[in-house]
Amino acid sequence: MPECGTAIGRSTRGDFLRFCDPAWVETLASGMNWIVASIIVGLVVGLLAGGAASLTGKPGFGLIGILGSLVGLIGYWKVTTADPREQVVQGLDVRAIIRYGAMLNLVLSMVSVVVPRFPYRGS
C-alpha cells in the first residue's frame, strides 16, 4: 500500500467508473435513466396540464405528477447507491440528503393533489 492508504492497483489505475464493479455502474446508469424519464414525464405533464387548464379552467394531471415524483425517487435512490468498495458513512451525508429530498418531493406532490380538494373557508 502506498502512503495514501489506497491499494496499489487502484492507485495506479485511477478512480474511474470503467474500473468499478460493473453491477454498480449498471445501477448508476439505470438510475440516470429513471431520472431522465421523470424529467420527461414532468415536462409532458406540465405542458398537458397547462393546456388543459387554459382550455377548461380546471387544473389537472396531479396524479401523473405524483407518478413523475415517484419515478424520480427511484432514480435518485439508484444514483446514490454506495460504491461497494467504499465504506458507507452512517448519518447525514450527501447521499442521505438527496434521498430525503426526493422523498420530500414525492410527499409534496401528493399534498399538492390532496390539499386543493378541501373546501376553503376564508373570512
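## Meet helix α3

Helix α3 has 18 residues and reaches 26 Å from its first C-alpha to its last, close to the 26 Å expected at 1.5 Å a residue. Keep in mind as you explore that this is a predicted model.

Which residues of α3 are buried? They are Ile66, Gly68, Ser69, Val71, Gly72, Leu73 and Gly75.

## How α3 sits beside α4

Now look at α3 (residues 62–79) together with α4 (residues 94–114): their axes come within 9 Å and cross at roughly 170°. Angles over 145 degrees count as roughly antiparallel, and α3 and α4 are therefore roughly antiparallel to each other.

## Where the two helices touch

On the α3 side, the residues that meet α4 are Gly62, Leu63, Gly65, Ile66, Ser69, Leu70, Leu73, Tyr76 and Trp77. Their partners in α4 are Ile98, Arg99, Ala102, Met103, Asn105, Leu106, Ser109, Met110 and Val113. Sorted by class, this contact has twelve nonpolar, five polar and one charged residues.

Leaving aside residues up to four places away in sequence, Leu73 touches Arg99, Ala102, Met103 and Leu106.

## The nonpolar core

Which residues make up the largest nonpolar core? There are five of them: Ile66, Leu73, Ala102, Leu106 and Val113. Both helices take part, with α3 and α4 each supplying at least two residues of this core. The most comes from α4, which gives three residues.

How values were computed. Residues numbered from 1 in each chain as written. Predicted model: local features only at pLDDT ≥ 70, side-chain atom pairs only at ≥ 80, totals over all residues. Heavy atoms only, no water. Axes fitted to C-alpha atoms, helices over the stretch in contact; angles between N-to-C directions. Helix = DSSP H or I, 4+ residues; strand = E, 2+ residues; numbered from the N terminus. Parallel < 35°, antiparallel > 145°, perpendicular 65-115°, else oblique. Contact = heavy atoms within 4.5 Å. Nonpolar A, V, L, I, M, F, W, Y, C, P; charged D, E, K, R; others polar. Expected span 1.5 Å × (residues − 1). Buried < 20%, exposed > 50% of the residue type's maximum accessible area, 1.4 Å probe, protein only. Core = buried A, V, L, I, M, F, W, Y, C linked by side-chain atoms within 4.5 Å.
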